[in-house]
Amino acid sequence: MAGGAIVSGPGGRTHEYAKGRITPFVVLACFVGACTGLVFGYDIGIAGGVVAMPEFQKLFFPRVYEATMAKHESHDPFCKYDDPMISLFVSVLFLAGIPGAFLGSLTNNRYGRRPTMIIGGAFFFVGSVLMAAATHVAMLVVGRISLGVGVGICVQCGPLFLSELAPAHLRGMFNTQFQLFITFGIVFAQVVNYSVQHSPIGWRLSLGLAGVPALMLMAGCFLGPETPNSLVERERNDEARSTLVKIRGTEAVDPELEDIIEAARFARATSKGSWASLFERRYLPQLILTIALPMFNQLDGINSIMFYAPQLFDAMGQGASQALLTHLIIGAVNVVTTLVAVLTVDRLGRKFWLLQASAQMMAAQIAMTAVIATQMTPTGGLSPSATIGLLVVVCVFIAGHAWGWGPMAWLVVSEVQPLHLRASGTAFGTIVNFLMSFVVGQFFLTLMCQCKAYVFLFFAGWLLIMGVFTWLFVPETKGVPIEAIEDELIKKHWFWGKVMASVYRAADEADARNPITSDLMAARKDAAALANVKLEQDDRKGS
Ligand code: BGC
């Protein structure tokens, strides 16, 4: 079929999906989904700089201000930023994001992806207004919590929205837009912080501008589509078909639609409810991946740099302003290297980048330790050449996250969930990720104060474990339709297939006893047999 691709559908059935074309509509939709990353990134990039602004500290945390001033005199450069209030302000957002992610999974199942993102954007917008206008700490805290809930909802929804809209052969490119927009958000925030640092209301501008990406997200949602998968899940099949036609740019969407409908019927017949099913034994591999990958997305140590690079480089003897500039350079490298992932993920695959990144980031962490341990003076100074050397290895480290553990972790987690677990699975992944972000945000400065130059070896050790885990247990999801990943990759995986064999057998037997699922299984067998005959005929014609 011209322009078509033979791909496997659920249950090993082989379908010809029309590749279609990239329509303006799907580009708009992709932009909307990616704006969830923008919202997230802006917040990651803004907090560290704002808490370092003296005007902000004086108004809300006068004791922190005095302590910070005193600590600037401290003889131990590794400890001068170790302040629980600063850490809490940065990381509390992630705690607030946890109920947000949960809420997002509920609204996702009930109302769909688009309303969920609008709700997330609204929470974020309200939070940014409250914070920018804050006159006392309570207002600031309520604003930060509202912001956190918004981020939780958006991060739970964005990657799955993108994965569902994407044609199978471009799913990696679509989904990694989420990470790309996180990096845009971070740089945007860093530029804002850098530009307003000397203004007495600089912190108000920094916090208030968070409303801009939230408004972009909400406006985009009103114009963009719902995903066909979510429409089918809510039994709106006709709308799903017309959306598929619009986003694929072709009328030949029925094989893809049938697979989605079938996945939804199968889910309805077997599911005990989105959250309860997540913990069923037959979904254990998915659950393990949903815990491990988002956790690893943090345990590579990225946020030690993203949150605290200004403090780190200041501790290495750069002035605060110079350190903010260094942060900006790091942000720019983050954007450019994420683009590499966007452009190559559907050719090179997810595992390639995860393995490559594990090795690269581990080497960079060891090099960072070596530079700091051997070159730093006891009072915290690095020579200009050692500072440049450190900046270079930090950038190598950032690049590893940007084309590896950043985008690929979010991507694979959204891909491995079967349809009925997708909202709760991605919510659970977000919760795990936020908990780890909180831990890193809260304890990194204390860890640095304790471990000094060797703090980065902690993350290097984790990177070794992460590489081995990926090699052994992560399936390569490149090019396989999203509703076929469970049957084609997880059930046939060398390890999961073997250890789960008896569980899968029992589940198949139960499905065979259930009238709906047994019908579906028979239909799948017939379709697979037909497709095989067709493939054989095509082969004969070809030879
Ligand atoms: C992580 C964020 C991190 C960002 C940096 C994302 O993958 O989830 O926590 O700050 O990458 O670009």
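Helix α6, which covers residues 137–165, contains 29 residues and reaches 42 Å from its first C-alpha to its last, close to the 42 Å expected at 1.5 Å a residue. The helix is mostly covered, with 23 of its 29 residues buried. The model is predicted. The points below take up the ligand site, the helices and selected individual residues.

**Ligand site**

- A polar side-chain atom of N303 is placed 2.6 Å from an oxygen atom of the ligand.
- For Q179, a polar side-chain atom lies 2.7 Å from an oxygen atom of the ligand.
- In the side chain of Q298, an N or O atom is 2.9 Å from an oxygen atom of the ligand.

**Helix α7**

- Helix α7 has 26 residues, and the distance from its first C-alpha to its last is 38 Å, close to the 38 Å expected at 1.5 Å a residue.
- At Q177, α7 bends by about 30°.
- Of the 26 residues of α7, 20 are buried, so the helix is largely enclosed by the rest of the structure.

**Helix α5**

- Helix α5 (residues 113–132) has 20 residues, which should span 28 Å at 1.5 Å a residue; the end C-alpha atoms are 29 Å apart, in agreement with that expectation.
- The buried residues in α5 include R113, T116, M117, I118, G120 and G121.
- Further along α5, F124, G127, S128, M131 and A132 are also buried.

- V394 belongs to helix α18 (residues 384–405).
- With a relative accessibility of 1%, V394 counts as buried, because the cut-off for that class is under 20%.
- V394 and I330 are 64 residues apart along the chain, and their C-alpha atoms are separated by 7.8 Å.
- G49 is part of helix α1 (residues 24–51), and its relative accessible area of 8% makes this glycine buried.
- Between G49 and Y308, which are 259 residues apart in sequence, the C-alpha to C-alpha distance is 8.6 Å.
- T374 is located in helix α17 (residues 350–375).
- T374 is exposed, with a relative accessible area of 58%.
- T374 and A453 are 79 residues apart in sequence, and 9.0 Å separates them in space, C-alpha to C-alpha.
- The side chain of T374 also makes a polar contact, at 3.3 Å, with the side chain of Q375.

**Loop residues with positive phi**

- E235 lies in the loop between α10 (228–233) and α11 (237–248).
- Although E235 is not a glycine, its phi is positive, at about 60°.
- The relative accessible area of E235 is 58%, so this residue is exposed.
- K452 is placed in the loop between α20 (422–451) and α21 (455–473).
- K452 is likewise a residue other than glycine with a positive phi, near 55°.
- K452 has a relative accessible area of 30% and is therefore partly exposed.

**A buried loop histidine**

- H493 is situated in the loop between α22 (485–490) and α23 (496–499).
- With a relative accessible area of 10%, H493 is buried.
- A polar atom of the side chain of H493 lies 3.2 Å from the backbone nitrogen of W496.

Note on methods
Residues are numbered from 1 along each chain as its sequence is written. This is a predicted model: local features need pLDDT of at least 70, side-chain atom pairs count only at pLDDT 80 or more; totals for chains, interfaces and linings use all residues. Side-chain values use heavy atoms; hydrogens and water are left out. A polar contact is a pair of N or O atoms within 3.5 Å; within protein, one must be able to donate a hydrogen and the other to accept it, and residues adjacent in sequence count only if both atoms are side-chain atoms. Helices (H or I, at least four residues) and strands (E, at least two) are DSSP runs, numbered from the N terminus. The expected span of a helix is 1.5 Å times one less than its number of residues. The bend at a residue is the angle between axes fitted to the seven residues ending there and the seven starting there. Buried means under 20% relative accessible area, exposed over 50%, partly exposed in between (1.4 Å probe, protein chains only).
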